[in-house]
Amino acid sequence: MFQILWIVVAGLVIGLIARFIARAAGHGRYDIPLWLTVAIGIVGALVGNVIASAIGVRNTSGIDWIRHVLQVGVAVALVAIAAPLWAASAKGRARSDRDRFTTHH
């Protein structure tokens, strides 16, 4: 149970850092929900760990800075991919709601 909580907290932190970096890089504002930010952070952490293992830097003495940079880097890329998709789907949802409540006489 504690491990699941730790995964969610790490995903939140990595996701928020990724959103901040993506925004600071001039890619605009990312209005994605918190649950999507956490999911992106979790996926970024997992993929970053796989990459770090593949290049032999997953476990080092001290703080695993390279692994953490890889995790955040993957999450930044995922934010850059997911945010426009989320915005497009939100526009589609809004259009669908508007059409549903508009009478066509």
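1. A nonpolar surface patch of about 840 Å² is formed by F2, L5, W6, V9, V13, I17, F20 and I21. Patches are built here from residues with over 30% relative accessible area and no salt bridge, like charges being joined within 9 Å and nonpolar side chains (Val, Leu, Ile, Met, Phe, Trp, Tyr) within 5 Å. Accessible areas come from the Shrake-Rupley method with a 1.4 Å probe, and for residues only the protein chains shown count as cover.

2. On the basis for these remarks: the model is predicted, local features need pLDDT of at least 70, side-chain atom pairs count only at pLDDT 80 or more, and totals for chains, interfaces and linings use all residues. Residues are numbered from 1 along each chain as its sequence is written, and side-chain values use heavy atoms, with hydrogens and water left out.

3. The secondary structure of the protein comes to three helices and zero strands, and along the sequence the pattern reads α-α-α. Helices (H or I, at least four residues) and strands (E, at least two) are DSSP runs, numbered from the N terminus. Among contacts (heavy atoms within 4.5 Å) between residues at least 6 apart in sequence, 63% join residues at least 24 apart.

4. Of the 105 residues of the protein, 28% count as buried, where buried means under 20% relative accessible area, exposed over 50%, and partly exposed in between, with a 1.4 Å probe and protein chains only. The protein exposes about 7,200 Å², and carbon and sulfur atoms supply 70% of that area.

5. V13 lies in helix 1, which covers residues 2-27, and V13 counts as partly exposed because its relative accessibility is 43%. F20 and Y30 are ten residues apart in sequence and, from C-alpha to C-alpha, 9.0 Å apart in space.

6. Which residues have the most contacts inside the largest nonpolar core? They are I40 and V79, in a core of 14 residues. Helix 1, helix 2 (34-54) and helix 3 (65-101) each supply at least two residues of this core, and helix 3 gives the most, with six residues. A nonpolar core is taken as a set of buried Ala, Val, Leu, Ile, Met, Phe, Trp, Tyr and Cys residues joined through side-chain atoms within 4.5 Å. In soluble globular proteins, nonpolar side chains tend to be buried together.

7. The surroundings of V79 can be given in detail: leaving aside residues up to four places away in sequence, V79 touches A18, R19, A22, Y30, I40 and P84.

8. The structure holds one aromatic pair. The rings of W35 and W86 have their centres 5.8 Å apart and their planes at 80°, so the pair is edge-to-face. The pair links distant parts of the chain, with W35 in helix 2 and W86 in helix 3, 51 residues apart. Rings of Phe, Tyr and Trp (its six-membered ring) are paired if their centres lie within 6.5 Å, and planes under 30 degrees apart count as stacked, over 60 as edge-to-face and the rest as tilted.

9. The C-alpha atoms of W86 and I32, 54 residues apart along the chain, are separated by 6.7 Å.

10. The structure holds one salt bridge, defined as a side-chain nitrogen of Lys or Arg within 4 Å of a carboxyl oxygen of Asp or Glu. This salt bridge joins R67 and D64, whose closest N and O atoms are 2.9 Å apart. R67 is buried, because its relative accessible area is 15%, and D64 is buried, with a relative accessible area of 9%.

11. A last point concerns V50, which lies in helix 2 and counts as exposed because its relative accessibility is 57%. V50 and Q71 are 21 residues apart in sequence, and their C-alpha atoms are 9.4 Å apart in space.
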